[in-house]
Amino acid sequence: MSNARTRAARARAMDFCARFGLRVPILQAPMASASPVALGVAVANGGGMAGLGALQMSPAEIAGWAQGFRAGSNGAFQINLWAPDPSPLRDAAREEAARAALARLGPEPPPLGEGPFLPDFAAQCAAVLEARPPVVSTIMGLWEPEFIAELKARGILWICNATTLAEARAAEAAGADAVIAQGAEAGGHRGSFTPEAAEAQLIGLFALIPRFADALSVPVIAAGGIMDGRGIAAALTLGASAVQLGTAYLRCPETGLAPAWADGLAQAAPEDTVLTRAFSGRLARGIANDATRAFEAVPPAPYPLQRVLTTPMRAEAGRANDLSRMQAWAGQGAAMARAEPAAELTRRLWAEAEALLP
Ligand SMILES: Cc1cc2nc3c(=O)[nH]c(=O)nc-3n(C[C@H](O)[C@H](O)[C@H](O)COP(=O)(O)O)c2cc1C
């Protein structure tokens, strides 16, 4: 019985590869501000799927990334956008408290004004359609049905991030071609459809994969804390058809991470990462530092206001290579991230996993 199940794991993964145009069932997570063309090209040329986190990009930047990618690889890639939140509730006292906490860390946060606080979402969606990626992905919720219809009409596959079975079922019902099971171990933002529910919906990946796999008819992509062939083989054995890795790719030379962040990953025990709203107002996992501690007592402003308020601090921390104020996203497996070229890493991860699968 167990043998039959593990054999099925390899067959499931190969079916996924055939459908999504891959040689290995590994997706590089689309990481907003950490998914340069060079990383995507290397992953795709290693047989995996490249990912662009386009959250903060203009239409021209999205087009430029897709063009750059296609100049370097004819492999598969996904472009990712966050489903937009409703406009944040304004609360002057709370914004002032967040501002004061940030001023103590330095530099002075900017005035918030009336916005807009994010790039034009409709223009970003149009740029994504124009770029015609093989795959588009969503996190934080679903697309409008009209946009899903536009994707389908162009033959673009849609994958949707989910943190609970209810979210996964909603994604499947809306037409998702695969669902990403994002475990609580994951680096970066939690994809909870309801932002306020994120702290209460922290489910480990070992519980999430079989729960999704037993209930869904579309393939499950496992994400969160997967750092090597053991993790990949385990995820596939539990019912996933593929895996999505973010933190594992952060120390690749192509990613071009700030040195302090890359070193911080190498040193970070799982308990050195925390879930925090300090940087954006949305819950996310990163390396604990002065900025995350400053918001243990002070409530951050809601997303995306907190992101606007922290912009100067994040920029200065990057310039000064100062991990104490850096938004250093990291999954719980951070210390296992290898500083290795991404194409080689992709091939090696799959070779390690294959050796463990019958
Ligand atoms: C630096 C960083 C940025 C991320 N940005 C995004 C994003 O823009 N969109 C998204 O869907 N997921 C994003 N994620 C989450 C990943 O899709 C994925 O869930 C996570 O990396 C998996 O856990 P791992 O980091 O332990 O591999 C990000 C993750 C990291 C580490």
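Predicted model: local features only at pLDDT ≥ 70, side-chain atom pairs only at ≥ 80, totals over all residues.

Trainee: At what angle do H9 and H15 pack, and how far apart are their axes?

Mentor: Helix H9 (residues 229-238) and helix H15 (residues 342-356) pack at about 55 degrees, and their axes are 7 Å apart. That angle makes H9 oblique to H15.

Trainee: Which residues meet there?

Mentor: From H9, Gly-229, Arg-230, Ile-232, Ala-233 and Leu-236 meet Leu-349, Trp-350, Glu-352, Ala-353 and Leu-356 of H15. Of these contact residues, 7 are nonpolar, 1 is polar and 2 are charged.

Trainee: What salt bridge does Glu-352 form with Arg-338?

Mentor: Their side chains meet at 3.1 Å, N to O. Arg-338 lies in the loop between helix H14 (311-320) and H15, while Glu-352 is in H15, so the pair ties together parts 14 residues apart in sequence. Arg-338, Glu-340, Arg-348 and Glu-352 are linked in a network of salt bridges.

Trainee: Changing topic, how many salt bridges are found in the whole structure?

Mentor: The search finds 15. One of them joins Arg-282 to Asp-85, with the closest N and O atoms 2.7 Å apart. Arg-282 sits in the loop between strands E10 and E11, and Asp-85 in the loop between strand E3 and helix H4, so the pair ties together parts 197 residues apart in sequence.

Trainee: Is Arg-282 buried or exposed?

Mentor: Arg-282 is buried, with a relative accessible area of 2%, whereas Asp-85 is partly exposed at 24%.

Definitions and conventions
Residues numbered from 1 in each chain as written. Heavy atoms only, no water. Axes fitted to C-alpha atoms, helices over the stretch in contact; angles between N-to-C directions. Helix = DSSP H or I, 4+ residues; strand = E, 2+ residues; numbered from the N terminus. Parallel < 35°, antiparallel > 145°, perpendicular 65-115°, else oblique. Contact = heavy atoms within 4.5 Å. Nonpolar A, V, L, I, M, F, W, Y, C, P; charged D, E, K, R; others polar. Salt bridge = Lys/Arg side-chain N within 4 Å of Asp/Glu carboxyl O. Buried < 20%, exposed > 50% of the residue type's maximum accessible area, 1.4 Å probe, protein only.
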